[in-house]
Amino acid sequence: MLLTSRRLRAALLAAASVTLVAATLPAPEPLGIGDPLFPQLGNPGYDVLTYDLDFTYSGNNSKPLAALTKIDALVTQRLERINLDFTHGVVRSVAVDGAPARFVTAGEDLVVTPAKAVDAGSRMRITVSHTSDPRGTAGGWVRTTDGLAMANQADAAHRVFPGNDHPADKAYFTFRITAPQRLTAVANGLPEGKTRHGANTTWTYRTRHPMATELAQVSIGNSAVIRRAGPHALPVRDVVPAADRGKLERWLKKTPAQVRWMEQQVGRYPFETYGVLVAGADTGFELETQTLSLFERSLFTRSEYPEWYVDSVMVHELSHQWFGDSVSPRTWSDLWLNEGHATWYEALYAQEHAKKSLESRMRAAYRKSDGWRAAGGPPAAPEPPTAGHQISLFRPVVYDGSALVLYALRHEIGATAFQRLERDWVRDHQDGTATTADFTALASDIAGRDLSAFFTAWLYGRKTPPMPGHPEWRSVTSTRTTGTEQETRHRPGSETAPLSRGIVPEQSVKPE
């Protein structure tokens, strides 16, 4: 049979061209942007501008969700192949700028070969039809008693959807979640409506500020959504198991005052909304997902947790909205800026509202600091996470060990300069990413002198330097400390006991 169609001949020539190009390319391999702790996270050659995520949930959290991910990106170098971080799902099809593209997996990357190379300086849209599997993941989807939630920190967003899974590449997000009508779906940002069709409802949410993939949140369940006003008429939205709405109100109503307190410390809240998401799951951690912090239900329902402890944990996650979410780490070695600051404001809140001495807590941290540094590295040069347990990165040195650096800094430059530093930091880098070098440079500028020696010792030293103002403090290396020591939620009740938040590994020890 002769081919007489001009369009058909052109299509076959294009296909032959793709085959020829593919034959000249090296074998697909996973790529990364060179993060020292997560070398294969992120991908070179493009900057994601927006994610449009569409999930369809059947009502059974043991079955994969149907999903469609659309990524709009700015191309920064000519790309004959495009790497996306993605694993734990089945890819059905990929298109680049509307044209079908070939794809294979390599490690935890989805490697896409477009019909033609994409030139630097151009915009591209990648569309991936796939499944998103909540079964057996080490992070990503969390199966709750009534549905699903997300916990993507540090490297688990690509277990949920394809993308550039590194906080250095923030983007705007749109979520569309289709679920049975009896359920409620929520996500980061503000709602943009819902549509009923048959037995299902599609919920749409959109962020007003860029967000790192690790901070994405989608929750589906038998949830109550409670709304109230915060400072400056800030929309405060809490999402809780419907059956627990009454018993949780005593905690939820505290959020507006906690936001107001944080604004007094560092300036206006940086996002369009805030709230608490309470999940019916034993996660062992709380997580600062942007605009909607994730908490496990037991934090609020177990009677052995004192009120001041729960309040402090809530403030820890709230303070991350400034430190870690609005100002995101450029590399994962900058994590101390997130957790050190969140721990600092958590401890300061406990001192001001529950008379739990900040100095006593910092002295206890100083005593343990050498041991923490031996176990996990100094605050700004942490050891890599344990293989297969990526969240083991969240060790004590990045919590109280890093808050201790801020305590020393305040002594070094004075309380007035320190408060200015905090405010200028979150203002200057709002909606962006920043590094440890950015922070130390700003501190030196505000102090009016070079603080390089101070920061080199405190952030990179294997031994804890002398504490300014407290030469009598001593640090003792514990023989019980090991290189795999992981953060736990300590028994509450002592004003010097450090509290743990953020991601905490599965081996978390809770009060008995």
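These entries record what I looked up in the structure.

**Entry 1. Basis**

I worked from a predicted model, in which local features need pLDDT of at least 70, side-chain atom pairs count only at pLDDT 80 or more, and totals for chains, interfaces and linings use all residues. Residues are numbered from 1 along each chain as its sequence is written, and side-chain values use heavy atoms, with hydrogens and water left out.

**Entry 2. Strands E9 and E10**

I took helices (H or I, at least four residues) and strands (E, at least two) as DSSP runs numbered from the N terminus. Two strands pair if DSSP finds at least two bridges between them. I looked up strand E9 (residues 140-143) and found that E9 pairs with E10 in the antiparallel sense over four bridges. The two strands form a hairpin, with four residues between them. Arg143 stands opposite Leu148 in E10.

**Entry 3. Aromatic pairs**

I counted rings of Phe, Tyr and Trp (its six-membered ring) as paired if their centres lie within 6.5 Å, with planes under 30 degrees apart stacked, over 60 edge-to-face and the rest tilted. The structure holds 25 aromatic pairs. For Phe38 and Trp332, the ring centres are 5.9 Å apart and the planes stand at 65°, so this pair is edge-to-face. Phe38 lies in the loop between helix H1 (6-24) and strand E1 (46-56), and Trp332 in the loop between strand E20 (327-329) and helix H6 (335-354), so the pair ties together parts that are 294 residues apart in sequence. Phe38 and Trp332 are both buried.

I also noted a cluster linked by ring pairs, with Trp336, Trp344, Tyr366 and Tyr407 among its members.

**Entry 4. Salt bridges**

I used the criterion of a side-chain nitrogen of Lys or Arg within 4 Å of a carboxyl oxygen of Asp or Glu. My search of the whole structure gave 24 salt bridges.

Lys254 forms a salt bridge with Asp311, with the closest N and O atoms 2.8 Å apart. Lys254 lies in the loop between helix H2 (245-252) and helix H3 (255-266) and Asp311 in helix H5 (residues 307-319), so the pair ties together parts that are 57 residues apart in sequence. Both Lys254 and Asp311 are buried.

Arg420 and Asp424 meet in a salt bridge of 3.3 Å, N to O. Both lie in helix H9 (residues 415-428), four residues apart, about one turn of the helix. Arg420 counts as partly exposed at 45% relative accessibility, whereas Asp424 counts as buried at 10%. Salt bridges that share partners join Arg250, Lys254, Glu307 and Asp311 into one network.

Asp155 and Arg159 also form a salt bridge (3.8 Å, N to O). Asp155 is buried at 6% relative accessibility, and Arg159 is buried at 13%.

**Entry 5. Glu288**

I located Glu288 in the loop between strand E18 (276-279) and strand E19 (293-296). Glu288 is buried, with a relative accessible area of 1%. Its side chain is joined to that of Gln153 by a polar contact of 2.9 Å. A polar contact is a pair of N or O atoms within 3.5 Å; within protein, one must be able to donate a hydrogen and the other to accept it, and residues adjacent in sequence count only if both atoms are side-chain atoms.

Methods
Buried means under 20% relative accessible area, exposed over 50%, partly exposed in between (1.4 Å probe, protein chains only).
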